[in-house]
Amino acid sequence: MSAVMQMEKAERRPLLRVSHLTKSYGEVTGCRDINFTLYPGEVIGIVGESGSGKSTLLNVLSAQMQPTSGTVEYDLKHRGMSDIFTLSEPERRKLMRTDWGIVHQNPRDGLRMEVSAGGNVGERLMAIGARHYGDIRAAGLDWLAKVELDTTRIDDRPKTFSGGMQQRLQIARNLVTNPRLVFMDEPTGGLDVSVQARLLDLLRGLVRELGIAAIIVTHDLAVVRLLADRLMVMRRGEVVEAGLTDQVLDDPHHPYTQLLVSSVLQV
Amino acid sequence: MSAVSAVQWDEAYNFAYLDEQTKRMIRRTILKAIAIPGYQVPFGGREMPLAYGWGTGGVQVTASVIGPDDTLKVIDQGADDTTNAVSIRRFFERVAGVETTETTEDADIIQTRHRIPEFPLREGQVLVYQVPQPEPLRKLEPRETETRKMHGYAEYGLMSVRLYEDIARYGHIATTYSYPVMVNGRYLMSPSPIPKFDNPKMENNPAIQLFGAGREKRIYAIPPYTQVKSLDFDDHPFKVQTWKECCALCGAKSSYLDEVILDDRGGRMFVCSDTNFCEDRRAKGHTGPLGADPAALAFAHKEPAQ
Amino acid sequence: MTIMISVAELSKNFVLHTQGGTVIPVFENLSLDVNAGECVCLHGPSGSGKSSLLRSLYANYKPTSGSISVAHEGGWVDLTKAEPYKIVEVRRQTVGYVSQFLRVIPRVPALEVVAEPAKLVGLPAQAAEEKAKSLLSRLNIPERLWSIAPATFSGGEQQRVNIARGFVRDYPVLLLDEPTASLDAANRQVVIELILEAKARGTAIVGIFHDAEVREAVADRLFEVMAFQRSAA
């Protein structure tokens, strides 16, 4: 009896369920018939070369784009599993700035460059009603420290920051509301290798420590090896192989995955 | 007012300059604006015989609501005698033949740039504000599509970010004019560039307050007796400006003061920005520290531009 | 005897699509049960499929057919069919794996690398670190190295960090891939002791031990992987 109950407890409840998701641009297919389930705290990587449809998929999953067909269900805090495209626009926008985070490849797309670092971090808190300056600032300092930014720079604008610092600020800005799901589009793209390593390690620590689920789009297999529990390999808009990250990378079955893995240069 | 007043205006123009269809269109816009306090209603702004930035929005609103029996007051930064105020007053004397006044109490319509009169307004009066930028979020969010959604969904966190930036940079909310307000608990609104000193006067005001932005082609309104709250933080509450000085001419301690340079030897004084209010007090015998100073009085009695 | 791992009719081959679809068979119809407290040594020459079998037991390789059942929290999980999250859970709770090489993560210090598996199952940070320290000491990793990321460590030091990480928790099942390959005699002895202690606690162990001394000290039986090579290969 108790063993059965324990087993049932272990069956986790999904956070995000994607069914038959397709996005076409007229004749051109962005992504086709995508299916997967994401559980709380799980990190999934989406890899593939440019034009494979991985960014399109991320845009549809994160409600930044309407799908042509299929559903994206999310475990809303007060409603349970709901198709995000049946939500009203304000509900969806609220979800995107509270329970979700979106980290853009280019920090300029995700930050307000004319607003100080503290204001960037505090914006989401103010959006959900925080009206105590001291508290907002304390949260800003706390998060700058968590993403290893010099807290004395809280009043500096992000345009005075390096690319790596801007990316870390973008992460802090997203995580301040304790989202349960974060979407990341090439989070290390455009950064120096040494800066990449630091960012990856930081992300890895935060994701594990906070139990955040994440969907990470990248063409860099080292990024998913380090961050992702699971992997989906995309080619021409379709998922050609999926599974545990180390399974897919160490024992690839699909010809395209084998090509992808064998093409990585060894250092 | 008599129903058969002998109104005379320059008959080369339609009454109040605008054609009747345009005035109806603007009146419909105004009705909608009053029905949705604080909401910016787009309208088909017309070319006016003055440049954008000189009050084209306010003039169109005034032209649409003014009647032959109305008395008009126009102020610019609180003064009845500055060029812009005088010109607009003359414009309406010519195209509508209306009476004009400098006395707040006597006016039916008061068009204003950057101030609310010190004397309390009464029911039946209309205060028309000239507005350069109707969108309080514009400096932070350049996309109109996005700011419209923010208003639509009451997503106003961004406005607090602006106040946060003030405190972070200056230690207090340094915004002193165009200080954003929430109208009727729903719409975020720019009060036009009035000093924040005047913000509390907007709340529960018996008069109708209309805002016209000519270049941006938007009209919005605060109906009488409406809740108008200035945004702030719990630990940095909204405060209006105060002065150590009183008005040098009339001795008023509770009015909005302008600093005036008297000479090139460092002489200066603080005087009421509302000229009508100041004159009224002096006429009633109040006097300030420079109330008998000839140089200071020269400013007080300067003639309107000819 | 309690069976912890039950492998039934397992087959594995590789299809190399980048090499014109060449099929490389590894093993076929392989069956193996491992009991609690038992240490099975996978045996056979290089290329006989020992590593492939061990990796399959960790669900790192995907077998072509057959099943691998692991006793996990009072039930059985078939690693060839389980959902990825279930496999992550099995790896976290039940099956530990000591690979030959340490996968180094930038900036994470050795002590943290070792303590992490214990923290992941909810051991308080301090207790996990105490355990990690005692293992690092036993494996003769000098204390000055504990706070350094192991990227710059020698091969032998990295392997000992890896072993410490594998033993920081008392996994019910432990998979060991040549854990003593680059160790000196003294450290080899420590590893033997660790394995014997684990067996005494009831851990089911499957390992590849090339070193005859270690094999004789820990293995209860040898399992010949060669026996399951496809005869027609």
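In the predicted model, contacts between residues 24 or more positions apart make up 66% of those in chain A that have a separation of 6 or more. In chain B, the corresponding share is 62%. Of the 267 residues in chain A, 55% are buried, and 54% of the 306 residues in chain B are buried.

The secondary structure of chain A consists of 11 helices and 10 strands. Chain A is as compact as a globular protein of 267 residues, because its radius of gyration of 19 Å is close to the 18 Å given by the globule rule. Along the principal axes, the C-alpha atoms of chain A occupy a box of roughly 55 × 50 × 50 Å. The accessible surface of this chain amounts to about 11,300 Å², with 50% contributed by carbon and sulfur atoms. Chain A carries 32 positive and 33 negative side chains, and a distance of 5 Å separates the centres of the two sets.

Chain B contains 8 helices and 12 strands. Its radius of gyration is 20 Å, which agrees with the value near 19 Å that a compact globule of 306 residues would have. The box filled by the C-alpha atoms of chain B, taken along the principal axes, is roughly 55 × 55 × 35 Å. Carbon and sulfur atoms account for 52% of an accessible surface of about 13,900 Å² in chain B. There are 36 positive and 41 negative side chains in chain B, and the centres of these sets lie 5 Å apart.

Two pairs of chains touch, and the pair with the most contacts is that of chains A and C. This contact involves 29 residues from chain A and 26 residues from chain C. Between them, chains A and C bury about 2,600 Å², of which 50% lies on carbon and sulfur atoms. On the chain C side, the most area is lost to chain A by Lys62(C), Tyr85(C) and Arg107(C), which together provide 28% of what that side buries.

At the interface of chains A and B, 22 residues of chain A are in contact with 21 residues of chain B. The area buried between chain A and chain B is about 1,900 Å², 53% of it on carbon and sulfur atoms. Within chain A, Arg93(A), Arg131(A) and Tyr133(A) lose the most area to chain B, together 37% of what that side buries. Chains B and C are not joined by any contact, and their closest C-alpha atoms are 34 Å apart.

Conventions: Residues are numbered from 1 along each chain as its sequence is written. Chains are lettered from A and ligands numbered from 1 in the order in which they are written. This is a predicted model: local features need pLDDT of at least 70, side-chain atom pairs count only at pLDDT 80 or more; totals for chains, interfaces and linings use all residues. Side-chain values use heavy atoms; hydrogens and water are left out. Helices (H or I, at least four residues) and strands (E, at least two) are DSSP runs, numbered from the N terminus. The radius of gyration is taken over C-alpha atoms; the globule rule is 2.2 Å times the number of residues to the power 0.38. Buried means under 20% relative accessible area, exposed over 50%, partly exposed in between (1.4 Å probe, protein chains only). Contact means heavy atoms within 4.5 Å. Accessible areas come from the Shrake-Rupley method with a 1.4 Å probe; for residues, only the protein chains shown count as cover. Lys and Arg count as positive and Asp and Glu as negative; His and the chain ends are not counted. The place of a charge is taken as NZ of Lys, CZ of Arg, CG of Asp or CD of Glu. Buried area is the accessible area (1.4 Å probe) that two parts lose on being put together, summed over both.
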